[in-house]
Amino acid sequence: MTDPTATPAWKALQIRSASIARIRELVDQDRSEFRNSVAGVEVDFSRQRVDTTVWAGLKALVEQCDVANLRDHMLTGSHINTTENRAVLHTALRLPRESALIVDGVDIVNQIHTVLDQMAVLAEHIRDGTWKGFSGRRITSVVNIGIGGSDLGPAMAYGALRAYSDRSIAFHFVSNVDPTDLTETLRLCDPESTLFIIASKTFTTTETMSNAQQARSWVQAAFEAEAKGDVVSRHFVALSTNAQAVANFGIDPANMFGFWDWVGGRYSMDSAIGLSTMIAIGADRFREMLDGFHAVDLNFANEPWETNVPMQMGALAVWNRNFLEIETTAVLPYSQYLSRFPAYLQQLTMESNGKSVRTNGESVGYNTGAIYWGEPGTNGQHSFYQLLHQGTSVVACDIIVIARAQHDLGEQQDVLVANAFAQASVLSLGISAEQLAKSGVSVDLIPHKVMPGNRPVSIMLCQELNPYILGVLVALYEHSTFVQGAIWGINSFDQWGVELGKKVATGIGESFSDLDLLRNFDESTAHSVKRYLQLREGN
Ligand code: F6P
């Protein structure tokens, strides 16, 4: 893995970043080079703080960091997840049925479509009422129990595609071990007509298994004692790679939909983990979503820099992060249906690139993963946009705009989109003291009304939000995340940083019933545990 800072391109970009013009000056030039489109999503980088020299420099950086070579290794099943010795093949999940991909001696495309077909049968039986609960009632509530990639993708997809969903079925997503999450959800469900989807790649995650066991007890309590085993088979299915653990839980293996260790949790919404999505929108629509993913895969795999949108998106993120020293990126979907899209991207981007060690074990000597966050527009405008406009932190903004509303409320869609474009303009161009003075603003107020602008903004514009476009949007960020990690020389596909916290939590939990164990922890933890126990007991 090349040290990116050692490449000529990095050095040239560092020099350029010291003299790059402000966005206000740049937008007066021809910006057509910075506009592109892929599979129905028009991406406009014209409000990014780049010029032709920077663009050529980023192209050179991608070449000198050999990103295309690592991409090709990923697509063909090399074990690029080196610390876990695994392939990274979420792209295989959306390969057409007639494709073939041999990995470790196995044609995985056949396996993938076998699972998709099994999912489709279940989804159809839930949707048409063929699948009955233990007492013979059809399923009208589906509860996905999972966390991280086993929750965020399905929950986001259901939110994004509600307009395409079967409205006779209510979908819920339980993730937190906080008793509130499951309890408040079960209040909305009837055990006789509820299907629980236990989504867990490992089928060992504490939060998920705790909630799953509680849900099982809740359902079984609704039926006579002798029915216990059969009840589970009619009200529980599993999504996992761990068949033994699924069987141990009591779920019929026939009701388990598998995936593979080469599907990372944060890259799994288009695997069996997407079962709730398929039940909601149907198998045909789910396959349209897969086609959207695949269209971007083809662009990423085959297009040269000039038309390779994910490659440009990822390289631009590195420019903003490492050369303009912008620490956070706000994803601002002007679409209420996409309100959980920023949350989904948080795991995708930050669990992938929140790393400070290169694949060869050396510490990086440069910044890596930016902080991704965001809320839908126009809501954010009434919340944090003040900081975006006049704060001391410069935030890069990805604004997503959907042209056609799925509901007709007169001019409201036009108002929404006008706000999106207005924010892009003001964030990137600002307004100067001279402009304010000319417009008659009082001298004492001018300093308070100056908007520095120069905030880099991308606009992603699509005609409508449908399953295909959702697949396109997700795949764009998946591959942008890949490009960033490849340039930084880090492993974007492991997540060792989350393991220690889980282990320490187990130890602290044990101390609640044996205070002597607190000697194993620092004084602050011991104090917190003691106060918690006192408060819990009402003291
Ligand atoms: O946060 C750590 C993590 O392993 C994520 O990568 C994963 O998506 C989540 O926990 C849930 O894991 P599982 O699907 O195995 O329950």
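Reader: In this predicted model, is Phe34 buried or exposed, and what is its relative accessible area?
Author: Numbering starts at 1 in each chain as its sequence is written. In this predicted model local features need pLDDT of at least 70 and side-chain atom pairs pLDDT 80 or more, while totals for chains, interfaces and linings use all residues, and side-chain values use heavy atoms, without hydrogens or water. Buried means under 20% relative accessible area, exposed over 50%, partly exposed in between (1.4 Å probe, protein chains only). Phe34 is buried, at 1%.

Reader: How many aromatic pairs does the count give?
Author: Rings of Phe, Tyr and Trp (its six-membered ring) pair if their centres lie within 6.5 Å; planes under 30 degrees apart are stacked, over 60 edge-to-face, the rest tilted. By this rule the count of aromatic pairs is 22.

Reader: What is the angle between the planes of Phe34 and Trp55?
Author: Phe34 and Trp55 form an aromatic pair, 5.2 Å centre to centre. The pair is edge-to-face, and the angle is 90°.

Reader: How many residues apart in sequence are the parts that Phe34 and Trp55 tie together?
Author: Helices (H or I, at least four residues) and strands (E, at least two) are DSSP runs, numbered from the N terminus. Phe34 sits in the loop between helix H2 (23-26) and strand S1 (35-38). Trp55 belongs to helix H3 (residues 52-64), so the parts tied by this pair are apart in sequence by 21 residues.

Reader: What is the relative accessible area of Trp55?
Author: Trp55 is buried. Its relative accessible area is 2%.

Reader: Which class of pair do Phe45 and Trp55 form?
Author: The ring centres of Phe45 and Trp55 are 5.9 Å apart. Their planes meet at 55°, so the class is tilted.

Reader: Which element holds Phe45, the partner of Trp55?
Author: Phe45 is buried, and so is Trp55. Trp55 is in helix H3, and the pair ties together parts that are 10 residues apart in sequence, so the contact leads from H3 to the element of Phe45, strand S2 (residues 41-47).

Reader: What is the volume of the largest cavity?
Author: On a 1 Å grid over the protein atoms alone, a cavity holds points where a 1.4 Å probe fits but cannot get out; a pocket is open, with protein on both sides within 12 Å along at least five of seven lines; lining residues have an atom within 4 Å of a point. Points join across faces, edges and corners, and volume is the space filled by probe spheres set on them. The whole structure has two cavities of 30 Å³ or more. The largest cavity has a volume of about 220 Å³.

Reader: Which helix gives the largest share of the lining of the largest cavity?
Author: The lining has 21 residues, with Met313, Ala317, Thr329, Tyr372 and Asp398 nearest the centre. Elements giving two or more residues include strand S10 (328-334), strand S12 (395-402) and helix H19 (467-488). The largest share is five residues, from H13.

Reader: Which helix gives the largest share of the lining of the second largest cavity?
Author: The second largest cavity has a volume of about 60 Å³. Its lining includes Leu93, Ile112, Met119, Trp260 and Asp270. The largest share is four residues, from helix H5 (residues 108-128).

Reader: Which helix gives the most to the lining of the largest pocket?
Author: The largest pocket has a volume of about 1200 Å³. Of its 38 lining residues, Ile147, Thr205, Glu207, Val498 and Lys502 are closest to the centre. At least two residues each come from helix H8 (206-221), helix H14 (341-353) and helix H20 (499-511). The most, four residues, come from H20.

Reader: From which domains does the lining of the largest pocket draw at least three residues each?
Author: The domain assignment (automatic or from a database) gives domain 1 (4-64 + 303-488), domain 2 (90-284) and domain 3 (496-536). The lining draws at least three residues from each of domain 2 and domain 3.

Reader: Which helix gives the largest share of the lining of the second largest pocket?
Author: This pocket holds about 470 Å³ of space. It is lined by 20 residues, with Gln336, Ala405, His407, Gln413 and Leu416 nearest its centre. The largest share is four residues, from helix H16 (residues 412-429).
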